[in-house]
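Biologist: Could you walk me through this one at the level of single residues? I'd like to hear about what sits inside and what faces out.

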Amino acid sequence: MKTPSTRLVHLLIGKSIAETIVVGALAVFAFVSLAPPTFHGWGELSEMRDISGWAVNNASPWERVEVQLFVDGHFAGTAIANQSRPDVSAAGWAKDPWHGYTFAVNTLPSGLHEARVYALHTSGRGLRKSLQLLGDPIHFVVGNDGKVYSGDSRSNVSGLV
């Protein structure tokens, strides 16, 4: 049986390395264009019975970010983060204070719920859209009385639901 020439082996190894570099570069390009690491934000349950927070796109700091709320995995609403949040600009996250948003949480059944707020990113001249999670999921409880309690109250839910 003939053994392959050393030159052929080196050529095949070089081809494999080149293909790996090309595929890796395409993966990085796709990731950065679909889900850029420039979105930052946070959301929480407020005392006013709503989900409020802030969203900033560091690649375009004057832009007002479109955010979407999903509760228990279902679309619940969309908003533009254009409300006053001076704490965000004071902390250095934004160039101006107009990056806040608020979603009302009114018509949910009693029980434990999870809300997630996403930044909507549009690329490819509007042809591609992707969502990027802002902050952590927000856990909360709606009691039988209709009141909303933060996720920290989950240890006391037996009397609420």
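Modeller: Keeping in mind that this is a predicted model, let me begin with Val-88, whose place is in helix H2, residues 86-90.

Biologist: Is Val-88 buried or exposed?

Modeller: Val-88 counts as buried, because its relative accessibility is 2% and the cut-off for buried is under 20%.

Biologist: And which residues is Val-88 in contact with, leaving aside its neighbours within four places in sequence?

Modeller: With those neighbours set aside, Val-88 is in contact with Trp-54, Val-56, Trp-93 and Ala-94. For Trp-54, which lies 34 residues away along the chain, the C-alpha atom is separated from that of Val-88 by 7.5 Å.

Biologist: Let's switch to charges. How many salt bridges does a search of the whole structure find?

Modeller: The search finds four, and one of them is between the side chains of Asp-96 and Arg-64, at 2.8 Å from N to O. This pair links distant parts of the chain, since Asp-96 is in the loop between H2 and E6 whereas Arg-64 is in the loop between strand E2 (50-57) and E3, 32 residues apart.

Biologist: What else does the side chain of Asp-96 reach?

Modeller: The side chain of Asp-96 also reaches the backbone nitrogen of Trp-98, at 3.2 Å. If residues up to four places away in sequence are not counted, Asp-96 touches Trp-62, Arg-64 and Ser-89.

Biologist: Which residue forms a salt bridge with Asp-87?

Modeller: That is Arg-85, with the closest N and O atoms of the two residues 2.8 Å apart. Here the acidic residue, Asp-87, is partly exposed at 44% relative accessibility, and Arg-85 is buried, with a relative accessible area of 18%.

Biologist: What about helix H1, where do Lys-15 and Glu-19 stand in it?

Modeller: Both lie in helix H1, four residues apart, which is about one turn of the helix, and they form a salt bridge whose closest N and O atoms are 2.7 Å apart. Lys-15 is partly exposed, with a relative accessible area of 47%, and Glu-19 is likewise partly exposed, at 41%.

Biologist: Which residues form the nonpolar patch on the surface?

Modeller: Val-9, Ile-13, Ile-17 and Ile-21 form that patch, and together they have about 360 Å² of accessible area. Ile-21 is placed in helix H1, residues 6-34, and counts as exposed because its relative accessibility is 57%, with the cut-off for exposed at over 50%.

Biologist: Now the rings, please. How many aromatic pairs does the structure hold?

Modeller: There are four aromatic pairs. Among them is the edge-to-face pair of Phe-70 and Tyr-118, with 5.5 Å from centre to centre and 90 degrees between the planes. The pair links distant parts of the chain, with Phe-70 in strand E3 (residues 66-71) and Tyr-118 in strand E7 (residues 111-123), 48 residues apart. Tyr-118 is buried, with a relative accessible area of 19%.

Technical notes:
Residues are numbered from 1 along each chain as its sequence is written. This is a predicted model: local features need pLDDT of at least 70, side-chain atom pairs count only at pLDDT 80 or more; totals for chains, interfaces and linings use all residues. Side-chain values use heavy atoms; hydrogens and water are left out. Rings of Phe, Tyr and Trp (its six-membered ring) pair if their centres lie within 6.5 Å; planes under 30 degrees apart count as stacked, over 60 as edge-to-face and the rest as tilted. Helices (H or I, at least four residues) and strands (E, at least two) are DSSP runs, numbered from the N terminus. Buried means under 20% relative accessible area, exposed over 50%, partly exposed in between (1.4 Å probe, protein chains only). Patches are made of residues with over 30% relative accessible area and no salt bridge: like charges are joined within 9 Å, nonpolar side chains (Val, Leu, Ile, Met, Phe, Trp, Tyr) within 5 Å. Accessible areas come from the Shrake-Rupley method with a 1.4 Å probe; for residues, only the protein chains shown count as cover. Contact means heavy atoms within 4.5 Å. A polar contact is a pair of N or O atoms within 3.5 Å; within protein, one must be able to donate a hydrogen and the other to accept it, and residues adjacent in sequence count only if both atoms are side-chain atoms.
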